Amino acid sequence: MKSSSPVFLGGTFIACFILFLGMIGAFWTPYAPQTMDLSHRLSSFSSQHWLGTDHFGRDVLSLMMSGLSYSLFVAVSAVALGGFLGFVLAMIATLWGRGISGQILAAITDFFFVFPALLVAMLLATLYGPSLFNAVVAIAVFNIPIFFRFSRALAQMLLARDHVLAAQALGQTQFGLLRYHLLPNMAGVLITQISIQLAMALLAEASLSYLGLGVPTPLPSLGRMLQDAQTYMSSMPRLALLPGGLIAFAVLGFNLLGDGLRDKLDIRRLQTF
Amino acid sequence: MIALIARRVCGFVFAMFAAAAAIFVLLNLLPGDPAAVMLGLNAPPETVAALRQELGLDQSLWVRFVTWLAGLLHGDMGMGLTYRVPIAGLIFERMKVTLPLSLLALFFTLLPGLCLGIYTALRARKGDDVIIRFISQLMLSVPNFWMGLLLILIFAIQLHWFPAGGFAGWNAGFWMGMKSLILPSLALAITQAAILLQIMRASLLDVLSEPYMRTARAKGLRQLTSLYRHALRNAFAPVITLLGLQLTFLLTGVVVIENVFALPGIGRLIFQAVSQHDLPVVQNLILVFVAIILCVHFILDLLSIWIDPRLRRPRTAQ
């Protein structure tokens, strides 16, 4: 293991900061994010409102903190759901589905690749209207084939190793192989991939709520803050700069963390995307 | 070779059919009455029933699916509910914006992505490599619609070089049309170019460390010649595979960016159709998007067979 690189340290720092800010935002914000104060609308930075107020007089910092917590909630749930399904299917395909059934599973999950999160979200929104659940499902669907592909490739590689062959020869069950030989060796790669997919999921969530397909209307969201800000682009550019900057910062953090982990564990060759 | 391509074509046709079936099943079998959703909560039951009849929802699933497929094969996608015009014509009209936009974005992705990727791989760990990669790392964290807003802020509001949104139409002249597409295509391309740069650099670095590259240099080939003859072809193979995923992101980016810049393309059309719950338009447009994605994957598939002769051999020989 190499000594900690600046990329890894920077990524860890930013990712922790973002997670921390999001967790605070879920429970406490300086002002209630939905409270409108029309006498103080579009005010600039001040000691009462650190980052100013928007066109309804809502406190921008509170909106951003609360919005970040929703974005993180969607991104984390989507990656957890899609990653879990992709991983479990991959293990079934490699450990129990040698031959044709594994290939069929692979073909089916590959098929999900043609349904980007945005299209699934649009399908669901046409039927049910925008909701948090839609956003989670839409982003999760696209994560299934990503996790399936690389967990399967990794498991197949590990299964050919000597210690796994020895364990098989000694009569280890498939579950035992998974528990004692595959999982411990896959953990690092999985964590790396999760970090990178979290970054992608945050980007996807931002696009969805910018279009009004993600977090539904009364709840604050970074994407929709940008949508609202577009009207005030020439007079109040900071309304667009701040939430967008926060999204970019969060995405940067998880990307750097993923890259840092990848270098640290020296697993770049296993990377599928 | 021909058999291989024939197999891929069959796979492509099957995937198209499966996609159509999946979209149909999702939109028609999920709980929820599309007619009721379209008309809102307070619609009287007679109106809902009338709409159900108009949409053909009173017929059986199989009849509806087969009718839809048969129509598609004739280039007939049915009527939109909001505008009451043939959907196929609507999509064709909107493509005049989306197609040039996507091609322009593709150009702005490939050119800097590939060139800078190769350049940074050759200059690995030198000063300019580090700087370019730092910038690209920043760029690939920026959501494309925020990039769009930033470009509007700088080039439209501050500098007045380009319009902040809207489309002048091709009738106003080629340049007027292009002018409204440059900022959106840049917003789409910058993130993708940054990703492509990283992939290209990593792939070329892998190839450059292979023993056969040392041999090529040792037998007296100049760096450029060895790069051109041996390295690039090998380095492109994994890049092409990942390009498929990237182009998918580019295409969904089009939907978002067209809404940022208020461009009348198919991205804006599908967004409006979703907010108006115009089910026939959404169903057909999503199929169009999926078809484009499948076509792109198909073309890239053929391209990788062309570039990597190992893929041409039958599976047993590997």
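Predicted model: local features only at pLDDT ≥ 70, side-chain atom pairs only at ≥ 80, totals over all residues.
1. Chain A is built from helices: nine of them, with zero strands. Read from the N terminus, the order of its elements is α-α-α-α-α-α-α-α-α. Along the principal axes, its C-alpha trace spans about 75 × 50 × 30 Å.

2. Of the 273 residues in chain A, 48% are buried. Among the contacts of chain A with a separation of 6 or more, 71% join residues 24 or more positions apart.

3. Confidence in chain A averages a pLDDT of 84, and 95% of its residues score at least 70. Within chain A, helix H2 (residues 60-96) has the highest confidence, at 91, while helix H3 (residues 100-112) has the lowest, with a mean of 78.

4. Chain B has twelve helices and zero strands. From the N terminus on, its elements run α-α-α-α-α-α-α-α-α-α-α-α. A box of roughly 85 × 60 × 35 Å, taken along the principal axes, is filled by the C-alpha atoms of chain B.

5. Chain B has 318 residues, and 36% of them count as buried. For contacts in chain B with a separation of 6 or more, the share from residues 24 or more positions apart is 69%.

6. The two chains touch through 40 residues of chain B and 31 residues of chain A. On the side of chain B, the elements that give two or more residues are the helices H1 (2-29), H2 (34-39), H6 (127-139), H7 (144-158), H10 (223-260), H11 (266-275) and H12 (279-307). By class, this side of chain B divides into 33 nonpolar residues, seven polar residues and no charged ones.

7. Helix H11(B) deserves a separate look. How many of the ten residues of H11(B) are buried? Eight are, and the helix is mostly covered. The buried residues are Ile266(B), Gly267(B), Arg268(B), Leu269(B), Ile270(B), Phe271(B), Ala273(B) and Val274(B). What they pack against comes from both chains: helix H4 (117-128) of chain A, together with helix H5 (87-122), H10 and H12 of chain B. His277(B), which follows H11(B), has a positive phi, near 55 degrees.

8. Two other helices of chain B, H7(B) and H10(B), pack with their axes 9 Å apart and at an angle of about 30 degrees. H7(B) and H10(B) are therefore roughly parallel to each other, since angles under 35 degrees count as such. Their crossing is right-handed. H7(B) contributes Asn144(B), Phe145(B), Gly148(B) and Leu149(B) to the contact, and H10(B) contributes Gly253(B), Val256(B), Ile257(B) and Val260(B). This contact of H7(B) with H10(B) has five nonpolar residues, three polar residues and no charged residues.

9. Most residues other than glycine have a negative phi. Arg125(B) is not a glycine, yet its phi is positive, at about 65 degrees. Arg125(B) sits in the loop between H5 and H6 of chain B. Is Arg125(B) buried or exposed? Arg125(B) is exposed, because 9 other C-beta atoms lie within 10 Å and a count of 12 or fewer qualifies.

10. The other case is Ala262(B), also not a glycine, with a positive phi of about 50 degrees. Ala262(B) belongs to the loop between H10 and H11 of chain B. With 15 other C-beta atoms within 10 Å, Ala262(B) is partly exposed.

11. Ile135(B) is placed in helix H6 of chain B. Why is Ile135(B) partly exposed? Ile135(B) has 13 other C-beta atoms within 10 Å, and a residue needs 20 or more to be buried but 12 or fewer to be exposed. The C-alpha atoms of Ile135(B) and Ala194(B) are 8.4 Å apart in space, although the two residues are 59 residues apart in sequence.

12. Val63(B) lies in helix H4 (residues 61-73) of chain B. Val63(B) counts as exposed, with 10 C-beta neighbours inside 10 Å. Along the chain, Val63(B) and Thr82(B) are 19 residues apart, and their C-alpha atoms are separated by 24 Å.

Technical notes:
Residues numbered from 1 in each chain as written. Chains lettered and ligands numbered in written order. Contact = placed C-beta atoms within 7 Å. Helix = DSSP H or I, 4+ residues; strand = E, 2+ residues; numbered from the N terminus. Nonpolar A, V, L, I, M, F, W, Y, C, P; charged D, E, K, R; others polar. pLDDT = per-residue confidence, 0-100. Axes fitted to C-alpha atoms, helices over the stretch in contact; angles between N-to-C directions. Parallel < 35°, antiparallel > 145°, perpendicular 65-115°, else oblique. Left-handed = near helix turned anticlockwise from the far one by under 90°.
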